[in-house]
Amino acid sequence: MSDLLIIGAGPAGLSAAIAAAEKGLSVTVIDEFPKAGGRLLGQLHQEPNGEWWNGIQKGEQLSQRARQLGVTIQCEVSVYDISQSKNGWDVYTTKGEYKAEKLLLATGATESPIPVKGWTLPGVMTIGAAQIMGNVHRVKPGNSCIIIGANVLSMAIANELKLCGVNVKEIIIPKADITSNEAGNPEQVLSSLMRLTHLAPTPILRQLGKIGKLVHPKIAIKLFPRKGIRMFDIPLRLKNAALEIVGDRFATGVRTANIKANGEIDHTSEKVVDADFVCIAGGLTPLSELASIIGCSFKYIPELGGHVPVHNEQMQTNIPGLYVAGNITGIESAKVAMAQGRVAGLAIAADIMNDWEQMETSINKAIENVNITRDKALIQFHPGISDARKKFYQKSEVDLTQISKIKKREA
Amino acid sequence: MTMRVEYHPVLGNLENQRRITIYFDDQAYQAYEGDTIASAMMAEGVKTLRYHEVSGKGRGVYCNIGHCFECRVRVNEENIVRACLTPVSEGMRIHSLS
């Protein structure tokens with residue numbers, strides 16, 4: 001029995017483990033991937049000051065620090081059920097049952113699919129799959145690739161694949177239909193890229209950010225060259241759509257066509273572009289299945305990437321003893337996840353020691369740090385994150401005092 | 001043909017990797033210690049890990065982090081596992097599903 005069980009050994013889970021262990025809690029972290037680090041593992045991009053953000057190193061530093069503090073980290077453990085017990089939580093996994101007084105879900109995010117025709121062919125994978133394959137396993141899925149889906153994630157990973165020696169032939173968008181939604185509309189794609197902050201991880205995104213302040217996307221997409229603009233020498237083609245991934249036994253290329261600013265296809269321009277593998281970049285959404293089997297309440301917040309478990313700024317959900325941190329609470333950068341993890345770790349420590357008053361200052365400081373980190377974040381997945389968060393927390397049904405009252409009543 | 005990223009301008013070079021032998025559908029392949037089944041097979045250029053139960057069409061790695069279950073394979077005549085989450089071991093016998 002641990003004081004705290006954390007599901008997910010990514011930036012949020014490990015940071016929470018460190019914060020809680022520093023306060024003397026016994027902490028166990030489990031993860032189903034063979035290595036700790038979560039989504040940090042694949043990340044590799046240059047900061048505006050020229051330094052590389054090496055997620056693998058960062059992940060190693062965090063797990064090393066956690067282990068030094070006595071945290072148990074167990075990988076290759078998959079959770080399949082959770083139930084609440086008198087003393088806390090029973091968590092059922094492929095490696096047996098875990099018991100803990102408090103539970104933190106730091107399960108991160110999952111990639112939204114765009115089911116382009118032919119997407120089940122071997123050699124078609126998510127952009128994140130290719131990232132992990134290249135940066136973590138150090139294997140190229142092929143020598144050349146086409147990326148379907150133009151967003152901040154796909155543009156950052158395109159460059160990472162290039163560093164692995166992959167010829168990224170082009171980034172195009174899916175054809176407009178009921179499954180691709182805004183991702184298939186050139187004007188809306190450009191508009192969302194243009195709203196990205198000046199701190200964006202690629203020079204071209206920073207440029208688009210600057211232009212975005214001056215030019216309306218409606219005009220900008222008209223001026224956008226059909227052959228695309230080059231980013232790290234990779235063509236970004238917002239006026240080309242993927243109609244179908246082609247190949248007999250495995251993917252060999254993509255049938256593409258020119259499209260108008262509103263997404264309308266010019267079928268006379270259809271052609272097949274060859275590639276060894278094809279990446280689908282549909283964006284990220286919170287991975288919250290475990291919160292849902294526990295019976296946590298959810299709220300749909302598009303700016304945060306979809307349905308998120310209801311929680312307050314202290315990372316408490318509406319279920320006493322259940323906490324969340326990281327991308328399960330909304331899609332943001334790893335640095336924000338780390339800052340949130342610290343808040344959760346401290347709040348859980350306060351909860352266990354039943355001493356919110358003494359911990360109040362440090363928790364508030366950690367919350368303030370989340371906000372500062374969010375404002376400075378290099379990768380802003382959605383321009384409205386900060387406002388959406390504020391609104392959500394103001395209206396949050398999870399009130400700290402309420403939870404304390406419940407606890408007192410139970411006692 | 002190996003698809004290993006031996007040299008990398010930022011992450012550095014792969015050095016002193018311990019090689020092991022695994023079997024996929026009874027054929028021997030070289031893998032590196034620390035590989036998952038998925039990365040080992042992809043390094044060897046094998047993209048198809050199973051065949052769809054109804055259509056018979058090939059399936060391979062899709063999400064690579066355990067969410068989609070597209071890469072499931074049978075290991076050592078018993079367990080069905082996700083290739084992307086399962087580390088290889090010396091002499092491991094992996095079978096495609098159909």
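1. Basis of the note. Residues are numbered from 1 along each chain as its sequence is written, and chains are lettered from A and ligands numbered from 1 in the order in which they are written. As the model is predicted, local features need pLDDT of at least 70 and side-chain atom pairs count only at pLDDT 80 or more, whereas totals for chains, interfaces and linings use all residues.

2. Overall form of chain A. Chain A contains twelve helices and 21 strands; these are DSSP runs numbered from the N terminus, with helices (H or I) of at least four residues and strands (E) of at least two. The C-alpha trace of chain A spans about 75 × 45 × 40 Å along its principal axes. For 411 residues a compact globule would have a radius of gyration near 22 Å, and the 22 Å of chain A agrees with this. That radius is taken over C-alpha atoms, and the globule rule is 2.2 Å times the number of residues to the power 0.38.

3. Burial and contact range in chain A. Of the 411 residues in chain A, 55% are buried. A residue is buried if 20 or more other C-beta atoms lie within 10 Å of its own, exposed if 12 or fewer, and partly exposed in between, with C-beta atoms placed from the backbone. Taking contacts in chain A between residues at least 6 apart in sequence, 66% join residues at least 24 apart; a contact requires the C-beta atoms of two residues, placed from the backbone, to lie within 7 Å.

4. Helices H1 and H2 of chain A. Two packed helices are described by the angle between their axes and the distance between the axes. Helix H1(A), residues 11-22, and helix H2(A), residues 55-68, have axes that come within 9 Å and cross at roughly 30°. H1(A) is therefore roughly parallel to H2(A). Axes here are lines fitted to C-alpha atoms, for helices over the stretch in contact, and angles run from 0 to 180 degrees between N-to-C directions. Angles under 35 degrees count as roughly parallel, over 145 as roughly antiparallel, 65 to 115 as roughly perpendicular and the rest as oblique. On the H1(A) side, A:Pro11, A:Leu14, A:Ser15, A:Ala17, A:Ile18 and A:Ala21 meet A:Leu62, A:Ser63, A:Arg65 and A:Ala66 of H2(A). This contact of H1(A) with H2(A) has seven nonpolar, two polar and one charged residues. In this classification Ala, Val, Leu, Ile, Met, Phe, Trp, Tyr, Cys and Pro are nonpolar, Asp, Glu, Lys and Arg are charged, and the others, Gly among them, are polar.

5. Helices H9 and H10 of chain A. The axes of H9(A), residues 334-353, and H10(A), residues 356-376, come within 9 Å and cross at roughly 170°, so the two helices are roughly antiparallel to each other. Among the residues that meet are A:Val336, A:Val343 and A:Leu346 in H9(A), and A:Trp356, A:Ile363 and A:Arg374 in H10(A). By class, the contact of H9(A) with H10(A) has 13 nonpolar, four polar and three charged residues.

6. A:Ser386. This residue lies in helix H11 of chain A, residues 385-395. A:Ser386 is partly exposed, with 16 other C-beta atoms within 10 Å. Leaving aside residues up to four places away in sequence, A:Ser386 touches A:Arg374 and A:Asp375. A:Ser386 and A:Glu303 are 83 residues apart in sequence, with a C-alpha to C-alpha separation of 8.9 Å.

7. A:Val308. Strand S20 of chain A, residues 306-309, holds A:Val308, which counts as buried with 24 C-beta neighbours inside 10 Å. Its contacts, not counting residues up to four places away in sequence, include A:Pro286, A:Phe298, A:Ile301 and A:Thr329. By contrast, A:Val246 lies 62 residues from A:Val308 along the chain, and their C-alpha atoms are separated by 36 Å.

8. Chain B. The one helix and seven strands of chain B run β-β-α-β-β-β-β-β from the N terminus on. The radius of gyration of chain B is 14 Å, close to the 13 Å that the globule rule gives for 98 residues, so chain B is as compact as a globular protein of that length. Its C-alpha trace spans about 45 × 25 × 25 Å along the principal axes, and 38% of the 98 residues count as buried.

9. Contact between the chains. In chain B, 28 residues are in contact with 29 residues of chain A. Helix H1 (37-43) and strand S4 (58-59) of chain B each supply at least two residues of the side that touches chain A; the largest share, three residues, comes from H1(B). The residues on this side of chain B divide into 14 nonpolar, nine polar and five charged.
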